[in-house]
Amino acid sequence: MPLLTMAWQLTKLMTMNDKIFKAILFVAALVIPLICGGVIYSLTIDASDAFNRFGFFEFLTSSDWDYTIDNERYGALPFIAGTLLTTLLALLFCIPFSLPVSLFIGEYFKGRKIAELLGVVIDLLAGIPSIIYGLWGFYTLRPLIVALDISPQGSGILTAALVLAIMIVPYAASLSAEFIKMVPNEIKESAYSLGATRAEVIRDIVFPVAGSGIFSSYILAIGRALGETMTVTMLIGNTNQLPQSLTATGNTMASIIANQFGEADGLRFSALIAIGLLLFLITAIINVIGKFLIKRARIM
Amino acid sequence: MLLNGIKKKSRLLSDRMCFIWVCIFSALTAVPLLAILGEVFVRGCTQFSWDFITDPTPTALKAMMAMRAGEAIPGGIANGIVGSLIMLGMAAVVAVPVGILCGVYLAENGKTRFAVIVSYLSDLLQGTPSVIIGMITYVWVVVPMRGYSAIAGSVALFIMMLPLIIRSTEETMKILPSSLKEAGLALGGNNARVMLKVQLPAAFGGIFTGVLLAVSRVVGETAPLIFTALGCSMVRWDIDKPIAAVPLLIWEFFNDPNLQELIWGASLFLLMFVLCLNITAKYLAKKWK
Amino acid sequence: METEKPIIEFKDVCVSYTRNTMAVKNVSAAVERNSITAIMGPSGCGKSTLLRAVNLMHSLYPNIKVDGEILLNGQNILAMEPIEVRRRVGMVFQRPTPFPTMSIYENVLAGFSLNGIRLPRSEKEEIVEQALRSVALWDEVKDVLNKKGTFLSGGQQQRLCIARALALKPDVLLLDEPTSALDPIATNHIEELLLQLKNDVTMLIVTHNMGQAMRISQRSMFMYLGELVEYGDTAQMFAAAKDERTKAYLTGKMG
């Protein structure tokens with residue numbers, strides 16, 4: 001009899017233990033929503049000063065950035081423009097490299113040693129800290145751009161976008177390669193059996209079939225480029241006007257924050273937080289869309 | 001038939017061109033890697049010495065005097081190494097258990113609505129620009145504490161590491177064979193025991209790799225530390241005071257013309273550290289699989 | 001004149017995957033025009049490998065090597081460009097492989113679009129109707145031509161794949177266990193279809209199913225461990241196989 005009660009008590013304890021265990025897991029899982037909610041809450045609270053003062057749409061469309069006392073006026077347009085320009089330009093420079101890399105790894109040399117080697121190169125590129133990309137851009141690429149007479153000071157949107165492109169190649173390429181690899185061999189063989197060349201199979205079968213996956217890889221690459229901070233801050237020239245050309249200097253949303261947040265207070269602090277909030281929302285939307293598309297593409 | 005022949009030739013030609021394009025441009029992507037590694041190694045090696053690791057950063061004045069006298073700038077990055085290790089350590093101590101538990105939760109309850117939302121939010125946090133993490137940590141920690149501190153820096157690094165650890169834990173747990181769990185349950189263990197004694201140990205390799213990768217990902221982060229840890233020119237162990245970090249030092253050297261010579265040594269150190277962690281993690285991942 | 005020559009002739013064909021393992025050893029045989037030839041044998045005997053060599057599929061995999069000669073109407077195809085050979089030799093695979101991003105209509109015309117051939121609309125429609133009619137699929141899909149090919153049932157998909165191969169008017173059609181992924185009714189359907197197609201195109205079919213070989217083929221090859229053990233009239237082979245190994249296989253004593 002005492003044995004039975006003991007066993008019963010032990011079971012009870014264990015189920016209790018299980019419940020406690022589950023509760024602990026749940027609490028740990030709560031941390032993430034708390035942080036995300038907290039980020040949105042805090043940024044919104046602190047950004048409200050700037051939005052109230054200038055109006056939400058005026059803040060977005062104004063290109064003033066003046067922090068002389070008594071004449072403070074802030075607008076996000078130059079930085080939004082700078083962010084979009086650098087990102088799109090980076091994407092443009094990235095594609096002619098990332099696409100071949102993904103074909104090299106996922107199609108032409110699929111599963112071979114040399115593809116593995118290129119995979120390591122891509123991994124290492126992805127692992128280099130952004131501040132070191134910035135240094136390389138500043139000390140190697142910038143003088144080159146001056147020497148080529150592309151722009152007099154060397155830094156600017158174009159320079160930042162070039163380095164940014166190198167930084168996002170690994171992301172776009174390795175993820176696209178994964179989807180290119182997934183195109184069933186049988187389907188490719190059927191296309192070959194109809195007399196297609198490899199290039200034609202890639203164009204008419206591989207790209208359409210892996211299309212949504214490849215597309216979402218580039219969406220995620222854009223998400224990375226939008227928020228890249230140190231590299232851009234070191235290379236874009238840091239001027240607060242609307243960029244007049246692709247070789248002009250400018251600032252992105254991330255770089256203006258990196259440059260001025262440390263010394264900002266009052267209204268400028270709020271305006272920078274507001275830019276941060278915008279950047280957060282933009283990257284969040286891009287990332288969620290990208291992840292959603294990837295999940296869907298993986299199922300298919 | 002003749003037309004067909006021409007057509008065939010042009011098709012074969014464009015097939016060839018496509019292959020050549022793929023090969024050449026793939027090879028070209030190795031160029032920036034070699035260029036960056038080469039530049040950092042060549043310029044960094046001249047400064048690298050034992051003293052460079054064990055001495056703190058010189059003041060601008062000292063550096064200026066040394067430069068005037070035509071000597072090499074004295075000092076190194078000991079303060080940054082200590083600061084980076086302190087902050088990484090503190091961040092990891094919290095992020096690893098929380099991240100593993102959260103990852104386990106997601107692996108166990110993957111299909112529920114709450115888990116799906118948490119999973120999306122975790123991805124969202126992972127994709128959030130690091131400068132925003134710095135900003136929010138400033139608001140959350142630096143403002144209430146009335147000052148920059150190692151604590152603030154490690155909170156920022158914690159927020160960055162967390163989603164990475166969650167993801168790797170979740171993925172590792174998901175590929176564990178379900179027979180493992182069933183065998184444990186069949187022996188009469190409850191969920192908690194089976195998880196702690198069977199599943200987590202089995203997943204250790206994958207999770208450990210994930211932690212290493214997470215550390216290698218955040219160790220080079222500069223932007224979130226600028227407004228949280230700020231930097232400091234001494235070797236310091238207090239966690240409530242501003243503290244240095246290797247990437248912060250690089251940023252300082254970049255902005256201070258007197259210290260510019262030290263950039264490459266510090267970059268070499270950071271790059272070696274990150275790449276070693278990275279390669280170790282990838283090697284372990286392969287071995288574990 | 002040409003009709004008297006065999007349409008396909010294997011001369012000492014060897015296929016090796018790596019240096020040491022031969023998947024097909026010294027196969028020599030001639031295939032009759034406008035007939036169905038079945039290739040049988042236990043799994044791993046090299047029958048698929050031999051079939052795929054006729055379509056130069058091995059050229060996609062650099063580690064596979066083919067020696068000997070395969071003559072198509074007297075020309076050695078091993079010395080020809082794969083894209084040229086493959087237009088004259090169609091192939092149908094084990095599992096139906098309609099191109100998932102293309103509609104039924106586009107799938108039938110895939111052979112043309114992949115080869116960069118532009119056709120006027122009227123000709124396209126004619127080809128599609130004719131090809132789909134030849135596989136008895138036209139009536140079933142004529143109203144849903146713009147739907148994706150993957151919406152069809154397995155048997156319909158396989159017939160679509162046959163139509164796709166026939167649209168290019170090949171001399172030879174290779175079928176690699178075309179019914180192994182299908183249910184018995186769909187299998188029946190395909191078999192009937194193949195018998196009807198016999199007059200227009202020469203077929204080589206790899207099959208696991210001895211009943212199928214007996215029902216549809218005029219001539220049969222039996223392969224074992226990469227060798228062509230026996231080749232002859234199907235009815236004769238089933239009635240009285242010459243080789244002991246063939247006998248064992250056909251009576252179910254082997255694989």
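Buried area is the accessible area, found with a 1.4 Å probe, that two parts lose on being put together, summed over both. The size of an interface is often given in this way, as the accessible area lost when the parts come together. In the present structure, which is a predicted model, local features need pLDDT of at least 70 and side-chain atom pairs count only at pLDDT 80 or more, whereas totals for chains, interfaces and linings use all residues. Residues are numbered from 1 along each chain as its sequence is written, chains are lettered from A and ligands numbered from 1 in the order in which they are written, and side-chain values use heavy atoms, with hydrogens and water left out.

Chain A and chain B bury about 7000 Å² between them, and carbon and sulfur atoms account for 78% of this area. The contact (heavy atoms within 4.5 Å) involves 79 residues of chain A and 78 residues of chain B. Across this interface 4 salt bridges are found, a salt bridge being a side-chain nitrogen of Lys or Arg within 4 Å of a carboxyl oxygen of Asp or Glu. One salt bridge pairs Lys286(B) with Glu116(A), whose closest N and O atoms are 3.4 Å apart. Helix 1 (residues 2-54) of chain A provides the largest share of the side that touches chain B, namely 22 residues; helices (H or I, at least four residues) and strands (E, at least two) are DSSP runs numbered from the N terminus. By class, the side of chain A that touches chain B comprises 55 nonpolar, 15 polar and 9 charged residues. In this scheme Ala, Val, Leu, Ile, Met, Phe, Trp, Tyr, Cys and Pro count as nonpolar, Asp, Glu, Lys and Arg as charged, and the others, Gly among them, as polar.

Between chain B and chain C, about 550 Å² is buried, 48% of it on carbon and sulfur atoms. On the chain B side, Lys8(B), Arg11(B) and Leu12(B) lose the most area to chain C, together 76% of what that side buries. The contact takes 5 residues from chain B and 7 residues from chain C. The count here is 1 salt bridge, in which the side chains of Lys8(B) and Glu84(C) meet at 2.8 Å, N to O. The side of chain B that touches chain C has 1 nonpolar, 1 polar and 3 charged residues.

A further salt bridge links Arg95(C) and Glu186(A), with the closest N and O atoms 2.8 Å apart. Arg95(C) lies in the loop between strand 6 (89-92) and helix 3 (104-108) of chain C and Glu186(A) in helix 7 (residues 185-193) of chain A, so the pair joins two chains. Glu186(A) is partly exposed at a relative accessible area of 29%, where buried means under 20%, exposed over 50% and partly exposed in between (1.4 Å probe, protein chains only).

Val40(B), Phe41(B) and Arg43(B) supply 59% of the area that domain 1 buries against domain 2, more than any other three residues. Across this domain interface 0 salt bridges are found.
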